[in-house]
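Please read the points below with the model open beside the text.

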Amino acid sequence: MNDSGPSTPADVASAPSGAASSTSATITSDPQAAYEKERVQTLLQSDVGVELLLKRLKLSIGSGKEFSTFLKKRAAAEDDSATALKRLVRTTQEAIRKPDGRQDSFSARLEETLRIHEQLAEHSSKFAAFVGQMHDHLADLCKETERSRKMLKEKGLRDEKNVIDAEQTAIKSQTKYNTLAEEFDRVRTGDPTKRSMKFKSNKNGPQYEEELHRKVMAAESEYKQKVQTAQSMLRDLLNVQRPDTVRQLRSTLETFDSGLTLQFQRYTNLCEALFLSKGLAVSPMKADEFGARSISDMSSEVDNDTDFLKYVLHEGSGKVLRRKEVEFKQHKAVGGSSSSTSRPKTTTVAGATVAGTVSQPSSRNVSGATAPKQITSASAAASAAAAAPSSSPAPAQQKFIPSTASVPSSSASNGSSAPGPYKTSSMLLADNPPQQPKAAPVAAVSPYVPIPIPPVPNGNKSASSPVIGSTNNVSNNGEPSKAVPPEVSSPYMESTPSVPTPQYGRVFGVPLEVLMEEERVQLNVENVIAPAMVLKLIEAVDKYGLDKEGIYNLQGSSQEIEHIQSLFESTNPLYVELGDLSMIHNDVYAVGTTLKLYFKALPDSLFTDVAYDKFVEASKITDDNLRRDSMHYLVNDLPDSNYTTLRYLILHLSRVQDNFRVNKMTIRNLAKEWGTILMSGDPRDAESHAIVVSTILTNCYLIFAS
C-alpha cells in the first residue's frame with residue numbers, strides 16, 4: 001500500500017510541470033493541438049481569462065470536497081464492517097470451542113477459516129485507516145486551495161477594476177473637454193446654428209472667448225493626462241498584473257488537480273491491494289508448507305467418515321458392549337452344578353483340524369480390532385505343528401494378502417502362545433522394512449488367503465525370502481516362520497490408505513546403491529540418477545496421473561499392484577515398458593502405490609538411518625529459513641545414490657503438487673503420505689517426517705539448484 005505523507009500544494013506542484021513539458025512536445029507536433037493551445041493562451045490573457053480560471057478552480061474544489069466526503073464515509077463503512085467481522089469471528093470461535101458441537105476435522109477447518117476471516121478483517125481495518133488519512137489530506141488541500149483562490153480573486157478583480165476606473169475617468173474628461181471646445185468654437189465663429197452653453201458671464205465677447213479658450217486648454221490637458229494614466233495602467237495590467245494572476249491561478253489549479261488525482265490514484269491502488277490481499281488470503285497462489293491454503297481446500301479436507309469413526313471409537317471405548325446373557329443354573333440342592341463345563345471346539349490350523357479347549361483372551365483396542373482366539377491346549381498345538389507341513393505346505397511362489405482380520409504373533413513360552421501386538425492393513429505403510437523372520441515352534445491360526453503370482457526365476461531373492469504378514473511362510477529348514485510383530489501407527493498417519501506389503505526380490509528390498517551400481521554396469525555409463533523401476537514408474541505417473549485426484553492417497557487394485565511388482569521382479573527392469581498402462585487396465589493408482597512400496601521396502605531408508613536423528617532435529621526448528629538451510633546441508637551429505645534418487649522423486653512430487661487444484665495433492669498431503677515412507681523411522685515421529693518432506697518439497701528448486 002502507498003503510505004506516503006499528506007500531499008500539500010508545494011509537494012504536488014512539481015508533478016504537473018514535468019507532465020506539461022512532455023505534453024507540450026507532443027502538442028506542438030500536431031497543428032490542430034498547437035492552434036488550440038495558442039487559442040487557450042489568448043483566452044486566458046484576455047479580459048475573461050481570470051474569470052474562467054476562477055470558475056474552473058471553483059469546480060475543482062467542489063469535486064475535491066465531494067471525493068473527500070466519499071473517502072470519509074468509505075473509511076467509516078469499512079471500519080464498521082471490519083469491527084463487526086472481528087466480533088462475529090470471536091463469538092463463533094468461542095461457540096465452536098464449547099463441548100456442545102463437533103470437535104473434529106470440521107471444527108478444525110472451520111477454525112482455520114475463521115482465522116482467514118480475521119485476516120480479512122485486519123486488511124479492512126488497515127484499509128480504513130489509510131483511507132481516513134487520505135480524507136484528512138484531501139480536506140486540508142481543499143481548504144488551502146480555497147484560501148488561495150479567494151486571495152487571487154481579490155487581487156485579480158482589483159487590478160481589473162483599477163484599469164476600468166481609470167478608463168472611465170478618462171472618458172469623463174473627454175466629455176468635458178469636448179463640451180468646452182464646442183462652446184469655444186461657437187463663440188469664436190459666431191455661428192448661430194451651434195447650441196450655446198449659455199455660461200453666465202458679465203464679460204463681453206472677446207473676454208468671454210479668451211476665458212473659454214483657457215478652459216478648453218485646461219480640459220484638454222486634464223483629458224490627455226487621464227488617457228495617459230489609463231493607458232499606462234492598461235499596459236501594466238496586460239503585461240504584468242494579469243499574466244501574474246493567470247500564472248498563479250493556473251499553478252493553484254494544477255496543484256489542486258494533481259493532488260486530487262494523486263489521492264484518487266492512491267485510493268484505487270488501496271482498493272486493488274485490499275481486494276488482492278483478501279483474494280490471496282482466501283485462495284493463495286500456491287499452497288506452502290502447512291501454511292497458506294485456500295478456504296475451498298480447507299472445506300474439502302473435512303472427512304465426515306473418519307470423524308464419525310473416531311467419534312464412535314472414542315465414545316464407545318470402555319463401555320459394556322453387550323449385556324451378559326441370562327443362563328439357567330439349577331441349584332445344587334436340586335441336583336444342579338454351579339460350574340459349567342467347557343465345550344470342546346474345533347479349530348483348523350494350517351489345513352489340519354485340531355480339537356481342544358479354546359479360551360477367549362482379552363481384546364487389545366487397536367483401531368477397534370479384536371484379537372483372535374488362541375489355542376491353549378498343548379497337545380492340540382503340537383498336533384497342529386506336526387500336521388502343518390504335511391497337510392498344507394506353503395509354496396514358495398505364493399504371496400499372501402492379509403484378510404480383514406488382525407494377525408496375532410506367536411511366542412513360545414512353556415508350550416503356550418500369548419496374544420502379541422498386531423496391526424490393521426491401514427497401518428502397514430508406517431512400519432519399518434521387515435527383518436528375516438525367526439522360526440516359531442507353534443503355528444498360529446492364519447487369517448491370510450494365498451494368492452498365486454507368476455513364478456520367479458531361480459536366483460531371485462524373493463524365492464527364499466518370507467512374505468511379510470503371512471504366518472504360513474516356510475524357512476530354509478522347513479519350519480514355519482513367525483509373523484513380523486507390527487507396531488501401533490501414529491494418529492498422524494490415520495488418513496493413510498491401506499497399502500499391500502512389498503514383495504522382496506531382485507528389485508524390492510535390494511540396497512539402493514547396489515541396484516544402481518548393477519544398472520550402471522549393465523548400461524555401461526558413468527552413473528545413473530535413479531533405479532530404472534523408479535524412473536519408469538514416475539514417468540507413467542507424470543504422463544497419466546498428474547490430473548488424477550488423490551494420486552498418492554488412493555490405493556490401486558491389489559491385483560494390478562502385484563502384476564507390476566512381478567513384472568519388474570521377473571524381468572530386467574531396464575527392459576520393462578509400461579506403455580499405455582493397458583496391461584494393468586489403466587490403473588495409474590496401482591503405479592503410484594507400487595512406487596511407494598519400493599521405497600518402503602528399502603533396507604536403508606532414502607534419507608538413511610544414519611541421518612535420521614539429524615533430520616528429525618532439523619524438523620523441530622521453528623524458523624523457516626534456518627530449517628530450510630539445515631535440510632539443505634543434510635541433503636547434500638546424503639550418499640550420491642540417495643541424493644540423485646531423492647532429487648528425481650522430489651521434483652516429480654513438485655510437479656504433482658503444481659496440479660493440486662485438480663488432484664488435491666497439496667504439499668501437506670504429499671508430506672503426510674511420503675514422510676514416514678522415505679524416513680522409515682518411529683511412526684510417532686510422523687509429524688517430523690512430514691515436516692522434513694514438506695520443507696524439502698517447498699524449497700526443492702533451491703535445495704536441488706544444481
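Notes on the predicted model

1. Asparagine 586 sits in the loop between α11 and α12; helices here are DSSP runs of H or I with at least four residues, strands are E runs of at least two, and both are numbered from the N terminus. Its phi is near 55 degrees, a positive value in a residue other than glycine. With a relative accessible area of 55%, asparagine 586 is exposed (buried means under 20% relative accessible area, exposed over 50% and partly exposed in between, with a 1.4 Å probe and protein chains only).

2. On the basis of these notes: this is a predicted model, in which local features need pLDDT of at least 70 and side-chain atom pairs count only at pLDDT 80 or more, while totals for chains, interfaces and linings use all residues. Residues are numbered from 1 along each chain as its sequence is written, and side-chain values use heavy atoms, with hydrogens and water left out.

3. Threonine 608 also has a positive phi, near 70 degrees, in a residue other than glycine. Threonine 608 lies in the loop between α12 and α13 (612-619) and is buried, at 8% relative accessible area.

4. Helix α10 (residues 532-544) packs against helix α12 (residues 588-600) at an angle of about 150 degrees, the axes being 9 Å apart. Axes are lines fitted to C-alpha atoms, for helices over the stretch in contact, and angles run from 0 to 180 degrees between N-to-C directions. The crossing of α10 and α12 is left-handed, meaning that the near helix is turned anticlockwise from the far one by less than a right angle (clockwise would be right-handed).

5. Which residues of α10 meet α12? They are Met533, Val534, Leu537, Ile538, Ala540, Val541 and Tyr544, and on the α12 side Val588, Val591, Gly592, Thr594, Leu595, Tyr598 and Phe599.

6. The whole structure holds twelve aromatic pairs. Rings of Phe, Tyr and Trp (its six-membered ring) pair if their centres lie within 6.5 Å; planes under 30 degrees apart count as stacked, over 60 as edge-to-face and the rest as tilted. Phenylalanine 67 and phenylalanine 70 are stacked, because their ring centres are 6.2 Å apart and their planes at 20 degrees. Both lie in helix α3 (residues 49-96), three residues apart, about one turn of the helix. Phenylalanine 67 is buried at 13%, whereas phenylalanine 70 is partly exposed at 37%.

7. Tyrosine 552 and tryptophan 674 form an edge-to-face pair, 5.2 Å centre to centre with 80 degrees between the planes. Tyrosine 552 is in the loop between α10 and α11 (558-570) and tryptophan 674 in helix α17 (residues 667-679), so the pair ties together parts 122 residues apart in sequence. Tyrosine 552 is buried at 0% relative accessibility, and tryptophan 674 is buried at 0%.

8. The largest nonpolar core has 67 residues, of which Tyr552, Tyr598, Phe599, Phe615 and Trp674 touch the most other members. Such a core is a set of buried Ala, Val, Leu, Ile, Met, Phe, Trp, Tyr and Cys residues joined through side-chain atoms within 4.5 Å. A second, separate core of 26 residues includes Phe130, Leu138, Leu260 and Leu270.

Notes. Contact = heavy atoms within 4.5 Å.
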